[in-house]
Amino acid sequence: MRKIIIIGGGAAGMMAAYSAALTSNNVILLEKNEKLGKKLYITGKGRCNLTNSSDMNTVMENIVSNKRFLFSAFKKFTNEDIMNLVENNGTKLKVERGNRVFPVSDHSSDIIKSIEKALRDLNVDIRLNTKVDKPIIEDGRCIGVMIGKNKILSDAVIVATGGMSYQATGSDGDGYRFAKEAGLSVSKLYPSLVPFNVEGERVKALQGLSLKNIHVYIYNNKKLMYDEFGEMLFTHFGVSGPVIISASAIIGNKDIRRYRLCIDLKPALDNEKLDERILRDFTEQKNKQLKNSLNKLFPTKLIDEVIYQSKIDPEKKVNLLTKEERHRLINATKNLEFTLSSTRGFNEAIVTKGGVEVSQINPKTMESKHVKGLFFAGEVLDLDAFTGGYNLQIAWSSGYAAGEGAGNV
């Protein structure tokens, strides 16, 4: 029997504890918060998007950073495995749009209760309100952890402390410090799956406006960096919503100042069809001013901005619009443009981009290649994915691999 310490009681840490305890090891799970899974409580807007039920090839395609590293971990512990574990411990699941998996109850607490039950059934020693100061490393081997002035010795230590996102849940970067002190490299950290700030004040007038069935394009000068169809949201600082959040996973680690966000408000209509639609609306409202004649085409909040970007007098009657002005209106509709200035910070990020460099980690066991007995799992590693349950699957699979690796070495 081996003694294994896990630092961090989030998704990866809980799964590492479960996996390590399956082979009757003495497993101690140390969590500095007052409860396990604090970040899980707020994921999926409090409903916990447990995983994605697509086939594992599709799951792999939705990994953004270092997907090949996860091949072995995904083979060991799949989306079906986490779903079975949760359901076998009392929480029924459902699959929603985009193959996102949630508890039937819509309560993330039920997911945590199920996993906690599995841990207690395996006699995992769960210690809450316990902050680890550092792992103890001697002669190239991790032999335990320091908690204040107290040593807890062990055969292996698994670091599953999370990243820098949602810092209110305790993700303050401890794991990166532990890695650096152990001689491992940590790549630059960026907030990911996060909204963007937009230059200028005009965007504030659009606050709260949600757009569906739009296509967004993001350009660096003329180079297309990202495009996606779906939904987005305007905020007091800029833009958010599914297609925007996903964009940050692709370009959030770049200097995006002056990147152009172009929104096609009517992607189902080409320019010719859109012109026909506008002419039809104008014919019905020929004596109206432009500002009062676009309600069928756009949400009320958006009309002023579309006219502003069209450079047409809003007071002008629609029957007096020239063909060239109408084409400017079409262009604004198909290319409503805003200038991005930066991403929001870690407090609003769903995950962290960057982390412990995976070239230093054994992908089958999650053990450091340089320090024996020291393992890493979850967001602390340089692994991230799009929204839809994929990031949690990284946590479950890497946590399972780390627990198994630590338990069998």
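Tutor: First, a definition: a residue is buried under 20% relative accessible area, exposed over 50% and partly exposed in between, using a 1.4 Å probe and protein chains only. This is a predicted model, where local features need pLDDT of at least 70, side-chain atom pairs count only at pLDDT 80 or more, and totals for chains, interfaces and linings use all residues. Residues are numbered from 1 along each chain as its sequence is written, and side-chain values use heavy atoms, leaving out hydrogens and water.

Student: Which residues of helix 6 are buried?
Tutor: In helix 6 (residues 174-181) they are Asp-174, Gly-175, Tyr-176, Phe-178 and Ala-179. Helices here are DSSP runs of H or I with at least four residues, strands are runs of E with at least two, and both are numbered from the N terminus.

Student: Why is Arg-326 called buried?
Tutor: Its relative accessible area is 12%, and the cut-off is under 20%, so Arg-326 counts as buried.

Student: What does Arg-326 touch?
Tutor: Leaving aside residues up to four places away in sequence, Arg-326 touches Asp-275, Ile-278 and Leu-279. Contact means heavy atoms within 4.5 Å. Arg-326 has its place in helix 10.

Student: How are two packed helices described?
Tutor: By the angle between their axes and the distance between the axes. For helix 8 (residues 271-284) and helix 10 (residues 323-334), the axes come within 10 Å and cross at roughly 120°. Axes are lines fitted to C-alpha atoms, for helices over the stretch in contact, with angles from 0 to 180 degrees between N-to-C directions.
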